[in-house]
Every structure is written in C-alpha cells, then in structure tokens.
Amino acid sequence: MMAAFSMASMTDVIFLLLIFFMVTSTFVFPTALEVNLPESSKQTALKPTTRVYIDKEGAIYATADESEPAAMSIEALLGFLQQQAARPEAGDDYIAVYADEEVTYGTLVKVLDLGAQNNLKMVLATKPAPVSARPASQSAAAK
C-alpha cells in the first residue's frame, strides 16, 4: 500500500475554479448612468454609498447603495441627501458626484453647494488622466 497522496486532481479543480471566477467576474456591470467623467491625477480609494449623477443635459439622478438612480429636482435632491446623511450607519461616508464633462459649471456648483451648506461631505468623481497628461512629481521638478 502506498503512503503518498497525489495532488494532481486537486490542482486541476483549483485551476478550473480560477478560470470560472475570472470569466464570470467580467459580467458584473455597475448600476449607474453613462457619464463621461473629466480626468484627474488624483483618485480616492473609498467607495461611496450615496451617488449623485448629472448627465450632459443637466438632469440630476441620485441613488443610495446599489439601487437604481432616480431622477429628481435640485429641491428633492437636498431632502434625499439629508435623509442619507441622517442614517445611523452613515458615519464617515461621503457623497460622490458623477458629472459629465460637458455639464455646465453652474449646475455642478449648485449641487456641490447643497452639500457645503448642509455640512455634507461631497467628492467630485473623475477618471484617471493618462500618464502623459499627469503633472511631473516633486522629485522630477526639483532636478
């Protein structure tokens, strides 16, 4: 009787599971509106629970957690944001604003000003800028 145990079949199973999860993870789509974000050299790593979307026509949508974004007016948005901030589990959460790059500056400032007037933490979402467009680091500028 042999005392050795063959792990060959176990590695086959692990590789099949790995391939399965890699393929199925590409099918996950976020429930969000399609907006072309402006580019920035800095990104935040925190995931917001409350999101506000402003499309290129200036329409405002808001959502909490993973629910579908609902269209609302600027007055209704204030009530929605205050309700989300008053939740006991809100804690240190912030509100992410996803504005299309074609949105007028005035519309964006109105939404951000709502947060500032009500002591809500709001962050403007951007996409990473290409490496060629990023500013040089401090060490490169010192040379």
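**Contacts, cores and strands**

Reply: Gladly! Of the contacts in the chain with a separation of 6 or more, 64% are between residues 24 or more positions apart; contact means heavy atoms within 4.5 Å. This is a predicted model, where local features need pLDDT of at least 70 and side-chain atom pairs count only at pLDDT 80 or more, while totals for chains, interfaces and linings use all residues. Residues are numbered from 1 along each chain as its sequence is written, and side-chain values use heavy atoms, with hydrogens and water left out.

Me: How many helices and strands are there in the chain?

Reply: The chain has four helices and seven strands, in the order α-β-β-β-β-α-β-α-β-β-α along the sequence. Both kinds are DSSP runs numbered from the N terminus: helices are H or I with at least four residues, strands are E with at least two.

Me: Why is Thr-63 called buried?

Reply: Buried means under 20% relative accessible area, exposed means over 50%, and partly exposed is in between (1.4 Å probe, protein chains only). Thr-63 has 2%, so it counts as buried. This residue is in strand S3 and touches Thr-49, Thr-50, Arg-51, Tyr-53, Glu-68, Pro-69 and Phe-80, leaving aside residues up to four places away in sequence. In the chain of 143 residues, 27% are buried.

Me: And why is Glu-75 called exposed?

Reply: Glu-75 has a relative accessible area of 61%, so it is exposed. You will find Glu-75 in helix H2.

Me: What makes Leu-17 partly exposed?

Reply: Its relative accessibility is 41%, and therefore Leu-17 counts as partly exposed. Leu-17 sits in helix H1, residues 8–25. Together with Phe-5, Met-7, Met-10, Val-13, Ile-14, Phe-20 and Phe-21, it forms a nonpolar surface patch with about 850 Å² of accessible area. Patch residues have over 30% relative accessible area and no salt bridge; like charges are joined within 9 Å, nonpolar side chains (Val, Leu, Ile, Met, Phe, Trp, Tyr) within 5 Å. A salt bridge is a side-chain nitrogen of Lys or Arg within 4 Å of a carboxyl oxygen of Asp or Glu.

Me: How do you know that S2 is largely enclosed by the rest of the structure?

Reply: Five of its five residues are buried, so S2 is largely enclosed. Thr-50, Val-52 and Ile-54 cover one side, with Arg-51 and Tyr-53 on the other.

Me: Which way do S2 and S3 run, and which way do S2 and S5 run?

Reply: S2 and S3 run antiparallel, joined by five bridges, and Val-52 stands opposite Ala-62 of S3. S2 and S5 run parallel, also with five bridges; here Thr-50 has Ile-95 as its bridge partner. Strands pair if DSSP finds at least two bridges between them.

Me: Which residues have the most contacts inside the largest nonpolar core?

Reply: They are Val-52, Ile-54, Leu-77, Leu-81, Val-97 and Val-111, in a core of 18 residues. Strands S2 (50–54), S3 (60–64) and S5 (95–99) and helices H2 (74–85) and H3 (105–117) each supply at least two of its residues. A nonpolar core is a set of buried Ala, Val, Leu, Ile, Met, Phe, Trp, Tyr and Cys residues joined through side-chain atoms within 4.5 Å.

Methods:
Areas by Shrake-Rupley, 256 points an atom, 1.4 Å probe, with all protein chains shown as cover.
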